[in-house]
Amino acid sequence: MALPVLSSSGMKFRRVLAHFPQELSLAFAYGSGVFRQAGASAGQGEDNMLDFVFAVDDSVTWHMMNLLKNRSHYSFLKVLGPKHISSVQSYGAGIYYNTLVPCNGRMIKYGVISTDTLIDDLLHWKTLYVAGRLQKPVKILTQNENSKLQAALVSNLKCAVTAAFLMLPESFSEEDLYLQIAGLSYSGDFRMIIGEDRSKVQNIVKPNVPHFQKLYSNILQDCPQVVYKHHLGRMEIDKSPEGQFAQLMALPRTLQQKITSLVDPPGKNRDVEEILMQVAHDPDCGFVVHQGAKKSVTYSMKKLYKMTKGWLRKTS
């Protein structure tokens, strides 16, 4: 299953892409500059910063070429060269951002991540930083024929659906599903409590349900655990312990680890399968999964904060 390339005009985004080295395994645009959010005026998106992520096979070579083309995009790190920039990129979520870059009459920011790091996050949700963005609609600008990356992109979407199923009741609407999916990468994110709109998830989903449908329709059609009652506009999923155990076993490794650390007392070291079976039988299974996701994102945010603080201390 190919990740959908959204059909609305992407010319302005591809014009931006033309300014950069073309050795990209994946490039996408995301955020409020691409997809309208609830509460935003009709023309507000035209003024918003455009956000991009570029995945590259060789970070050092890509930064070297980009320094030749776009040296002004970089901070003082440009004087240290591409190897040092790539070293900084490897910390935290494994992505390096250039921000407040003027391009074609708009302000943009772009993050550079290695293809291997991206695949790891998509498969295992190590930080959910880029994987979480790819669980929501994005505009794919270019993608090469890397079969491992393609499989990881699809796996990330399937796991997002599975995690959402575990946290939802037996019967729910399609919009409820997308709200749960969109909220995954915000669980435990302090930005949702301090300094950002708490209704951000709803603002993302409600105007963009057709885009979520394009992203997830094939996965939902092929999923044996969900029944879609079209006449009611509702979905029903298997909430038996056996059904929930199958879903828990299909979750990414990092989320499984966070769930087991919540349930298993220190020093007991039970088998992961045994612990997840216990969770599957727990009436509060959905809450446990939510707490695991929250713990995973909180850990990632703390790691990013500590990395940034330590790096700033080193460079000050």
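I began with two helices: the axes of H4 (residues 115-124) and H6 (residues 147-167) come within 8 Å and cross at roughly 30 degrees. Here, axes are lines fitted to C-alpha atoms, for helices over the stretch in contact, with angles from 0 to 180 degrees between N-to-C directions. H4 is therefore roughly parallel to H6 (under 35 degrees; over 145 is roughly antiparallel, 65 to 115 roughly perpendicular, the rest oblique). Helices (H or I, at least four residues) and strands (E, at least two) are DSSP runs, numbered from the N terminus.

A note on my source: this is a predicted model, where local features need pLDDT of at least 70 and side-chain atom pairs count only at pLDDT 80 or more, while totals for chains, interfaces and linings use all residues. Residues are numbered from 1 along each chain as its sequence is written, and side-chain values use heavy atoms, leaving out hydrogens and water.

Next I looked up who meets whom (contact means heavy atoms within 4.5 Å). Thr-115, Leu-118, Ile-119, Leu-122 and Leu-123 in H4 meet Lys-148, Leu-149, Ala-152, Leu-153, Ser-155 and Asn-156 in H6.

Then I followed H6 to H7 (residues 174-184): their axes come within 9 Å and cross at roughly 110 degrees. That makes H6 roughly perpendicular to H7. In this contact, H6 residues including Ala-160, Val-161 and Phe-165 meet Leu-177, Gln-180, Ile-181 and Leu-184 in H7.

Last, I checked the strands. E3 (residues 95-103) and E4 (residues 106-114) pair in the antiparallel sense over seven bridges; pairing needs at least two bridges found by DSSP. Tyr-97 has Gly-111 in E4 as its bridge partner. In the hairpin, with two residues between the strands, Asn-104 takes a positive phi near 55 degrees.
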